[in-house]
Amino acid sequence: MTGAPPPPVWPSLSDREAGSELIYRDNPDRFSGPPSRFCEWAFPRLNDRFRRGQLLELGCGTGRDARRFAAAGYQVTATDYSVTAIDHARADIANPPEIRFRRTDALSALRDTLTASLDAVYAHAIYMMVPEDELTAVFREVRRVLHPGGLHLFAVRSTTDPMAGRGEQVAPDVWRRTPGTAPYRYFRRETIDRLTGPAFERVAIEFPEGLHFWYVADRRP
Ligand SMILES: C[S@@+](CC[C@H](N)C(=O)[O-])C[C@H]1O[C@@H](n2cnc3c(N)ncnc32)[C@H](O)[C@@H]1O
C-alpha cells in the first residue's frame with residue numbers, strides 16, 4: 001500500500017509571493033535605507049566596464065540599490081514579486097527618472113527581456129529563496145539576456161551562516177527554519193560554480209569578513 005506523496009519541498013510561486021507579501025505588509029521598511037554593502041561592492045565593477053547602460057534588478061525590494069544605479073545614469077528595470085514592496089518603491093520621492101519598477105517574479109522578468117539586450121543583471125539576496133529547477137532556469141535566462149561582456153552581479157548567503165543547520169533540513173544545504181514557512185538555501189562555492197558553469201567567466205568572487213555572504217561578478221563571454 002502506498003501512502004500520499006510527501007508535500008513538495010518548495011512552496012508554489014504564488015505561495016512564495018504571498019509569503020513575501022506578508023513580510024512587507026508587516027514591515028514595509030524592512031530593506032529600505034541606503035544602498036546595500038553588496039551594491040557598493042558591485043557598483044565600481046559595473047561602472048569600470050559600462051559608464052551607462054541597461055540593468056535589470058531581480059528581487060529589488062523597495063528599491064534602495066536600484067536607486068543607486070539609476071542615480072548614476074543607468075536605465076534600471078527593478079522587479080520584485082511583492083506588490084507592497086513595489087508600491088513602496090514607486091512612491092519614493094528619491095526615484096530618479098531612469099528607474100522603472102515592475103511587479104513580477106524573477107524568471108518571468110527575464111523571460112520578458114530581449115536576448116542580448118542588457119549590460120547587467122543584478123540580484124542581491126534573492127537566490128536563496130528560489131527552488132533548484134527555477135534557479136537553473138534563471139541562470140540560463142541571465143546568460144541569454146546579457147550581451148557578450150555583460151555582467152551578472154549577485155550576492156548569496158553562505159553555508160557558514162550560523163542560521164544554516166537550524167530547523168528542518170529539507171534538501172542539501174536547504175533548511176526550513178520553522179514549520180509552515182518557505183525553505184531557505186545556503187550556498188557553497190561549489191554550488192555557485194555549478195550554477196554559473198562554463199556559461200560565464202568569473203570576474204570576481206569575494207567572501208567579505210563576518211558577513212556570511214558570497215559576492216559574485218560573472219561575465220557573459
Ligand atoms: C532579502 S530581500 C532583498 C531585497 C533587495 N534586494 C534589497 O537588498 O533591498 C529579497 C527580495 O527578493 C524578493 N524575491 C524572492 N524571490 C523572488 C522571485 N522568485 N521573484 C521576484 N522576487 C523575489 C522578495 O520579495 C524580497 O523583496
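Reader: Which helices and strands of this predicted model each supply at least two residues of the lining of the largest pocket?

Author: Helix 1 (13-26), helix 3 (64-71), strand 2 (75-80), helix 5 (106-111) and strand 7 (174-176) do. Helix 1 gives the largest share, seven residues. The lining takes in 44 residues, with Ser-20, Ile-23, Phe-31, Met-129 and Tyr-184 nearest the pocket's centre. By type, 21 are nonpolar, ten polar and 13 charged, and the pocket's volume is about 1,200 Å³.

Reader: Why are strand 6 and strand 8 said to stand at the edges?

Author: The open sheet has three strands in the order 6-7-8, with antiparallel pairing. Strand 6 (168-171) and strand 8 (184-185) each have a single partner strand, so one side of each has no neighbour in the sheet.

Reader: How do you know that the charged end of Arg-177 sits over the ring of Tyr-184?

Author: On distance, CZ of Arg has to be within 6 Å of the ring centre. For Arg-177 and Tyr-184 the value is 4.6 Å, so the distance part holds. Arg-68 likewise has its charged end over a ring, that of Phe-43, 3.8 Å from the centre.

Reader: Which aromatic cluster includes Phe-43?

Author: Phe-43 is grouped with Phe-38, Trp-41, Phe-69, Tyr-74, Tyr-122 and Tyr-215. Counting ring centres within 6.5 Å as paired, the model has 15 aromatic pairs.

How values were computed:
Residues are numbered from 1 along each chain as its sequence is written. This is a predicted model: local features need pLDDT of at least 70, side-chain atom pairs count only at pLDDT 80 or more; totals for chains, interfaces and linings use all residues. Side-chain values use heavy atoms; hydrogens and water are left out. On a 1 Å grid over the protein atoms alone, a cavity is a set of points where a 1.4 Å probe fits but cannot get out, and a pocket is an open set with protein on both sides within 12 Å along at least five of seven lines; lining residues have an atom within 4 Å of a point. Grid points are joined across faces, edges and corners, and a volume is the space filled by probe spheres set on the points. Helices (H or I, at least four residues) and strands (E, at least two) are DSSP runs, numbered from the N terminus. Ala, Val, Leu, Ile, Met, Phe, Trp, Tyr, Cys and Pro count as nonpolar, Asp, Glu, Lys and Arg as charged, and the others, Gly among them, as polar. Two strands pair if DSSP finds at least two bridges between them. Rings of Phe, Tyr and Trp (its six-membered ring) pair if their centres lie within 6.5 Å; planes under 30 degrees apart count as stacked, over 60 as edge-to-face and the rest as tilted. A charge sits over a ring if NZ of Lys or CZ of Arg is within 6 Å of the ring centre and within 35 degrees of the ring normal.
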